[in-house]
Amino acid sequence: MNHTKYERKYLFQGWHKRGVIGDFEKYYEIYKKTTHCDKCKILLDNSIQLRIKCLDHDHSITTKENFRNILCWKCNIEDQNRQSCKIRKDNKSGFKNISFNFQNNSWCFRRQINKKKIVKYYKNKTHAICYKYILLLKIKSKLI
Ligand SMILES: [Zn+2]
C-alpha cells in the first residue's frame, strides 16, 4: 500500500489528533510494512472495516514516544475500551454499556442519551460493539 503525499499528511494528522507522539516518519515505515494485525493476525487490506489498519499507542504516555502496535480495527477499539472505560464487575462483555441478556440469549446495548433510553439487542457481540462505536461517533459529530 502506497500513500500519496496528501494521504500521508492526512494520516499523520489523524495520529496527532488521537494523541500519538514521536517520530511519525519512523512509525510510518512500520505502518507501511505491517500486513497483519499484531494481535489477532488478521490481514490488513482496508477492504472492510474489520481489516482497517490502525496505529495503536499507549494512552498513559503523553510526553514521549508512545507507539505500541499496528492493530486491526477490532483489536484497536477493544484495547481503547479497556483503558478508558470503567466496566461494571457483573458485566462479562468487557465493554461499557454492553452486557449479555440471558432472557433472550443476546447481547444488549443500553445507554441513556439526553434523557432518552436506548436499548438494542444483538445476537452477535461484535454487532453490539459496532453499534456502540457508531453511536459514539454520532455523539462526537453532534449528530445526536
Ligand atoms: Zn486484530
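What share of the contacts in the protein chain with a separation of 6 or more comes from residues 24 or more positions apart? It's 37%, where contact means heavy atoms within 4.5 Å.

Okay, quick ground rules before the tour. This is a predicted model, where local features need pLDDT of at least 70, side-chain atom pairs count only at pLDDT 80 or more, and totals for chains, interfaces and linings use all residues. Residues are numbered from 1 along each chain as its sequence is written, and side-chain values use heavy atoms, with hydrogens and water left out.

So, the overall picture. The protein chain has 4 helices and 5 strands, which are DSSP runs numbered from the N terminus: H or I with at least four residues for helices, E with at least two for strands. Reading from the N terminus, the order is α-α-β-β-α-β-β-β-α. The C-alpha trace spans about 50 × 30 × 30 Å along its principal axes. Of the 144 residues, 32% count as buried; buried is under 20% relative accessible area, exposed is over 50%, and partly exposed is in between, with a 1.4 Å probe and protein chains only. The chain exposes about 10,000 Å², and carbon and sulfur atoms supply 54% of that. Those areas come from the Shrake-Rupley method with a 1.4 Å probe, and for residues only the protein chains shown count as cover.

Now the metal. Which residues coordinate the zinc ion? Cys37, Cys40, Cys72 and Cys75, each through SG, at 2.3 to 2.4 Å. Donors here are N, O and S atoms within 2.8 Å of the metal (3.2 Å for Na, K and Ca), and since water is not among the atoms, sites may look incomplete. The angles among the 4 donor atoms run from 102 to 118°, so the site is tetrahedral; for four donors that label asks for all angles between 85 and 135 degrees. In sequence, the donor spacing reads C-x2-C-x31-C-x2-C.

While we're on cysteines: the structure holds 0 disulfides, a disulfide being a pair of cysteine sulfur atoms within 2.5 Å. Take Cys130: its closest cysteine sulfur is in Cys72, 11 Å away, so that's too far for a bond.

Next, a few asparagines. Asn66 sits in the loop between β1 (54–57) and β2 (67–71). Buried or exposed? Asn66 is buried, at 2% relative accessible area. Its side chain reaches the backbone oxygen of Gly19 at 3.0 Å. That's a polar contact: a pair of N or O atoms within 3.5 Å where, within protein, one must be able to donate a hydrogen and the other to accept it, and residues adjacent in sequence count only if both atoms are side-chain atoms. Not counting residues up to four places away in sequence, Asn66 touches several residues, including Val20, Tyr27, Asp56 and His57.

Asn101, in strand β3, is buried too, at 13%. The Asn101 side chain reaches two backbone nitrogens: Gln103 at 2.9 Å and Asn104 at 3.2 Å. Leaving aside neighbours within four places, Asn101 is in contact with Ser106, Cys108, Arg110 and Tyr121.

Then Asn124, in the loop between β5 and α4, is partly exposed at 33% relative accessibility. Asn124 and Trp107 are 17 residues apart in sequence, but 6.8 Å apart in space, C-alpha to C-alpha. Trp107 also turns up with Ser93: leaving aside neighbours within four places, Ser93 is in contact with Ile98, Ser99, Trp107 and Lys125. Ser93 lies in the loop between α3 and β3 (98–101) and is buried at 4%.

Last stop, backbone angles. Most residues other than glycine have a negative phi. Lys115 goes positive, at about 65°. Lys115 is in the loop between β4 (106–113) and β5 (116–122), and is exposed at 80%. Lys142 has a positive phi as well, near 60°. Lys142 lies in the segment after α4 (125–140) and counts as exposed, at 71%.

That's the tour.

Definitions and conventions
Four donors count as tetrahedral if all angles lie between 85 and 135 degrees; four count as square planar and six as octahedral if opposite donors are over 155 degrees apart and all others between 65 and 115; anything else is irregular.
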